[in-house]
Amino acid sequence: MPRTTDGDGTPVPQRLLAAATRLFAEQGYDRTSVQEIVEAAGVTKGALYHYFGSKDDLLHEVYARVLRIQQERLDAFADSGAPVEERVRGAAADVVVTTIDNLDDASIFFRSMHHLGPEKLKQVRSERRRYHERFRALIEEGQKKGVFSTATPADLVVDYHFGSVHHLSTWYSPDGPLTPQEVADHLADLLLRALRP
């Protein structure tokens, strides 16, 4: 059984994910070998295969961990008792901040998702669909209550916002003029302006 932590207590799966994320971001998924990942993580191939099974399991987990965080946070916004406009704005801004906070993960995934096997790809699409459906349900709730315009179908509103989110990795720089929260506020405000009756 492989050790679960290293000398400083970092769990082996986290070390493998950190190494894989860095290497995938620097070199690309297809140009990164399993050997490079285990060397960077300071573990054996046996440890990698114990926790992940394959390189595409690592790629899946790089994205899935971000999506899990975002889903939990969206669920918290959606389930709060706040007015629907506040919930939508909070969720719309949050997905921007959490994407920027995990920009390498997001860019790796969108660049490399075609490398996933059919089952993993199906699973990721299902997880993303669940997220988008929950977000869309908030928009629809606001439309039914008359808080948001019904001129644009909720599906298009969701696609519009998430198109902006998925595009962040192509232009956002931590050294640029805007903080993650400022970008999030601008994009959330754009979304709400588009939704107002």
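**Entry 1: overall make-up**

I noted at the start that the model is predicted. I looked up the secondary structure of the protein chain and found 9 helices and 0 strands. Read along the sequence, the pattern is α-α-α-α-α-α-α-α-α. I then took the box filled by the C-alpha atoms along the principal axes, which is roughly 60 × 35 × 30 Å.

**Entry 2: helix 1 and helix 2**

Two packed helices are described by the angle between their axes and the distance between the axes. I looked up both for helix 1 (residues 12-27) and helix 2 (residues 34-41): the axes come within 8 Å and cross at roughly 125°. Angles over 145 degrees would count as roughly antiparallel, so I put helix 1 and helix 2 down as oblique to each other. Their crossing is right-handed.

I listed the residues in this contact next. Helix 1 supplies Arg 15, Leu 16, Ala 19, Ala 20, Arg 22, Leu 23, Phe 24 and Gln 27. Helix 2 supplies Glu 36, Ile 37, Val 38, Ala 40 and Ala 41. By class, I have 9 nonpolar, 1 polar and 3 charged residues in the contact of helix 1 with helix 2.

**Entry 3: helix 4 and helix 5**

I moved on to helix 4 (55-79) and helix 5 (84-101). Their axes come within 9 Å and cross at roughly 165°. The angle is over 145 degrees, and I therefore recorded helix 4 and helix 5 as roughly antiparallel to each other. Helix 4 passes helix 5 in a right-handed crossing.

On the helix 4 side I found Val 66, Gln 70, Arg 73, Leu 74, Phe 77 and Ala 78. They meet Arg 87, Gly 90, Ala 91, Asp 94, Val 95, Thr 98 and Thr 99 in helix 5. I sorted the residues of this contact into 6 nonpolar, 4 polar and 3 charged.

How many cavities of 30 Å³ or more does the model have? I counted 1 cavity. The largest cavity holds about 120 Å³ of space. It is lined by 14 residues, and the closest to its centre are Tyr 63, Gln 70, Val 95, Thr 99 and His 166.

I checked which elements give two or more residues to this lining: helix 4, helix 5, helix 6 (103-112), helix 7 (118-144) and helix 8 (154-171). Helix 4 gives the most, with 4 residues. I divided the lining into 9 nonpolar, 4 polar and 1 charged.

Technical notes:
Residues are numbered from 1 along each chain as its sequence is written. This is a predicted model: local features need pLDDT of at least 70, side-chain atom pairs count only at pLDDT 80 or more; totals for chains, interfaces and linings use all residues. Side-chain values use heavy atoms; hydrogens and water are left out. On a 1 Å grid over the protein atoms alone, a cavity is a set of points where a 1.4 Å probe fits but cannot get out, and a pocket is an open set with protein on both sides within 12 Å along at least five of seven lines; lining residues have an atom within 4 Å of a point. Grid points are joined across faces, edges and corners, and a volume is the space filled by probe spheres set on the points. Ala, Val, Leu, Ile, Met, Phe, Trp, Tyr, Cys and Pro count as nonpolar, Asp, Glu, Lys and Arg as charged, and the others, Gly among them, as polar. Axes are lines fitted to C-alpha atoms, for helices over the stretch in contact, and angles run from 0 to 180 degrees between N-to-C directions. Angles under 35 degrees count as roughly parallel, over 145 as roughly antiparallel, 65 to 115 as roughly perpendicular and the rest as oblique. A crossing is left-handed if the near helix is turned anticlockwise from the far one by less than a right angle, and right-handed if clockwise. Contact means heavy atoms within 4.5 Å.
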